[in-house]
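User: I want to check the labels on this model one by one. Please set each value against its cut-off and conclude.

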Amino acid sequence: MFYRDERLALFIDGSNLYAAAKSLGFDIDYKLLRQEFMRRGKLLRAFYYTALLENDEYSPIRPLVDWLHYNGFSMVTKPAKEYTDSMGRRKVKGNMDIELTVDALELADHIDHAVLFSGDGDFRPLVAALQRKGVRVSVVSTIRSQPPMIADELRRQADNFIELEELKDVIGRPPREFDGPEDRE
């Protein structure tokens, strides 16, 4: 469902894509991901959204953020909030939904096709708004994990649903040994 002459933009919900790929047993090779969508159309922007723990001396996601920044991705970050839940567990929260939504709506007049890498049902109104502006929307997530990582209402709203597992051979690599910082929210 891609046309080679259409202008594309990628909107990657970092923590959501990380969790979906992890549930399928692979990591994303972002260089291959970018190349794949450059092949599918005229890639104008590839946004990556993530929250960062600013007070940690070393963040496991920092090398990825720096690599993406130097390799053609538009990085959108903000400080994550750290708190202790009612069970005394340390939790990290860093929701980037508003930033992603604003960027997608601002870019809508300049693109033909938006590719959203998220299964978060909160993005259904964004997909509908982009469609009203004449933008086709593909959503990349998975229904093959237990539980499925995509909200049914988001999958139904999208013009095209791309099963992440079907991209594994194109954009995947074996998982690393450590758990990454994207295990939050």
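Analyst: Start with exposure: buried means under 20% relative accessible area, exposed over 50%, and partly exposed in between. E99 has a relative accessible area of 24%, so E99 is partly exposed. Note that this is a predicted model.

User: Why is K78 called partly exposed?
Analyst: Its relative accessible area is 27%.

User: What makes E99 and K78 a salt bridge?
Analyst: The cut-off is 4 Å between a side-chain nitrogen of Lys or Arg and a carboxyl oxygen of Asp or Glu. For E99 and K78 the N to O distance is 3.3 Å. That is within 4 Å, so the pair qualifies. The pair links distant parts of the chain: E99 sits in helix α4 and K78 in strand β4 (residues 74-79), 21 residues apart.

User: How do you know that R7 and D112 form a salt bridge?
Analyst: Their side chains meet at 3.2 Å, N to O. The limit is 4 Å, so R7 and D112 pass. R7 lies in strand β1 (residues 7-13), and D112 in the loop between α4 (97-107) and β7 (113-117), so the bridge ties together parts 105 residues apart in sequence. R7, at 31% relative accessible area, is partly exposed. D112, at 27%, is partly exposed too.

User: How many salt bridges does a search of the whole structure find, and which residues do shared partners join into one network?
Analyst: The search finds 11. Salt bridges with shared partners join E36, R39 and R40 into one network.

User: Why does D27 have no salt bridge?
Analyst: The nearest side chain of opposite charge is R173, 4.2 Å away. The limit is within 4 Å, so no salt bridge is assigned to D27. D27 is in strand β2 (residues 27-28) and is buried. Contacts of D27 include I171, G172, R173 and P174.

User: What makes a set of residues a nonpolar core?
Analyst: The members are buried nonpolar residues joined through side-chain atoms within 4.5 Å. The largest such core has 29 residues. Those with the most contacts inside it are L10, L17, I28, L33, F117 and L164. Elements supplying at least two residues each include β1, α1 (14-24) and α2 (30-40). Apart from this core lies another, of 24 residues, among them L107, A108, F123 and V137.

User: Which residues does L164 touch?
Analyst: Among them are L17, A20, A21, L24, F26 and I28. V140 and I171 are also touched by L164.

User: Which residues of helix α5 are buried, and what do they pack against?
Analyst: In α5 (residues 124-132) the buried residues are L126, V127, A128, A129 and L130. They pack against α4, β7, β8 (136-141) and α6. After α5 comes G134, with a positive phi near 90 degrees.

Notes
Residues numbered from 1 in each chain as written. Predicted model: local features only at pLDDT ≥ 70, side-chain atom pairs only at ≥ 80, totals over all residues. Heavy atoms only, no water. Helix = DSSP H or I, 4+ residues; strand = E, 2+ residues; numbered from the N terminus. Buried < 20%, exposed > 50% of the residue type's maximum accessible area, 1.4 Å probe, protein only. Contact = heavy atoms within 4.5 Å. Lys, Arg positive; Asp, Glu negative; His and termini not counted. Lists of a residue's contacts leave out its neighbours within four places in sequence.
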